[in-house]
Amino acid sequence: MTSSEWLAYFQSNVQKPQDMPWDLHAMLTPEQRKVLVPSLQAFQRGEGSEGTNLTMNAKRYGEATGDVDYANCIALFIREEQKHAAFLALYLRDLGEPCLTSTWTDRVFRRLRKGVPLEPSLTVLLTAEIMAMTYYPAVSRAVECPLLKRICARIEADESKHLQFQSEWIGKLRREYSAPRRWLWKMGHRFLYAGTATVVWFSYGAAFRAGGHSFGSYWKACWRAFLPCEARMTA
Ligand SMILES: [Fe+2]
Ligand SMILES: [Fe+2]
């Protein structure tokens, strides 16, 4: 898709009713709360990026290529991510749980993206976004709470488009690279993703187990989400 087609998508997605049935309130058993709150807090923090580096990179890309729509797409993309963060923050507030100002995984991801050009920055960002495709369905399966299920479904639907958007763009940017560099980037990304999936399991495995995963099924689900993105990045 072109940037103007993506812009039309993001604009139409913004206009859709985003209202959640907040009057249903958070309904978790004490056990579910114990198992899920730490990962909900971490994902809430991860979703809430200001996107300063990405915004700057997108503007530079627009200036260099004349593609003005791309920066507008990125602005709407960041707004969607902040909306995800807001959904989770409101849910945590309803539970009476605080939001975190910082987590070490979030610090690592921000550090990796700081000051790097557009393509590696998108690659690191996409790595974190792909994890959402395993996390939110697992949370949804782990609970009966209709409000949390709605939040998970909404975020998952948005994220599946984000994966398409980011991986298409990474593919476009990598076309400029030599074949050995493209191969190196592909392997590096697999390595980063495998490391991320391992760290997420060791940090928040309880949430995935509550959603019916063993480590084996979690690992398979993670790669099922990754491989279509990789195919787009190398197309
Ligand atoms: Fe998100
Ligand atoms: Fe996303």
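1. A helix, as the word is used in this note, is a DSSP run of type H or I that is at least four residues long, and helices are numbered from the N terminus. Q164 lies in one of them, helix α7. The model under review is a predicted one, and every remark below should be read with that in mind.

2. Because Q164 has 16 other C-beta atoms within 10 Å, it is partly exposed. Q164 can also be placed relative to C99, from which it is separated by 65 residues in sequence and by 29 Å in space, taken from C-alpha to C-alpha.

3. S4 and D69 are 65 residues apart in sequence, yet their C-alpha atoms are 5.8 Å apart in space.

4. For helix α3, residues 52-65, and helix α4, residues 68-95, the axes come within 7 Å and cross at roughly 165°. That angle makes α3 roughly antiparallel to α4, since angles over 145 degrees count as roughly antiparallel. The crossing in which α3 passes α4 is right-handed. On the α3 side the contact is made by L54, T55, A58, K59, Y61 and G62, and on the α4 side by V68, Y70, A71, I74, A75 and I78. Sorted by class, the residues of this contact of α3 with α4 are nine nonpolar, two polar and one charged.

5. By class, the contact of α6 with α9 holds nine nonpolar residues, one polar residue and no charged residues.

6. What lies at the centre of the contacts in the largest nonpolar core? This core has 58 residues, and those that touch the most other members are I130, V139, L148, I151 and A207. At least two residues of the core are supplied by each of α1 (3-15), α2 (30-47), α3, α4, α6 (118-142), α7 (146-174), α8 (179-210) and α9 (215-234). The helix that gives the most to the core is α6, with 15 residues.

7. When residues up to four places away in sequence are not counted, A207 touches V35, L36, S39, A138, V139 and A142.

8. F208 lies in helix α8, and it is buried because 26 other C-beta atoms lie within 10 Å. Leaving aside neighbours within four places in sequence, F208 is in contact with A138, W201, H213 and Y218. F208 and P137 are 71 residues apart in sequence and 9.2 Å apart in space, from C-alpha to C-alpha.

9. Two further residues may be checked by the reader in the structure. H25 lies in the loop between α1 and α2, and its phi is near 65°, which is a positive value in a residue other than glycine. Is H25 buried or exposed? With 12 C-beta neighbours inside 10 Å, H25 counts as exposed. P228, by contrast, lies in helix α9, and it counts as partly exposed because it has 15 C-beta neighbours inside 10 Å. P228 and R45 are 183 residues apart in sequence and 26 Å apart in space, C-alpha to C-alpha.

Terms used:
Residues numbered from 1 in each chain as written. Chains lettered and ligands numbered in written order. Predicted model: local features only at pLDDT ≥ 70, side-chain atom pairs only at ≥ 80, totals over all residues. Axes fitted to C-alpha atoms, helices over the stretch in contact; angles between N-to-C directions. Parallel < 35°, antiparallel > 145°, perpendicular 65-115°, else oblique. Left-handed = near helix turned anticlockwise from the far one by under 90°. Contact = placed C-beta atoms within 7 Å. Nonpolar A, V, L, I, M, F, W, Y, C, P; charged D, E, K, R; others polar. Core = buried A, V, L, I, M, F, W, Y, C linked by C-beta atoms within 7 Å. Buried ≥ 20, exposed ≤ 12 C-beta atoms within 10 Å, placed from the backbone.
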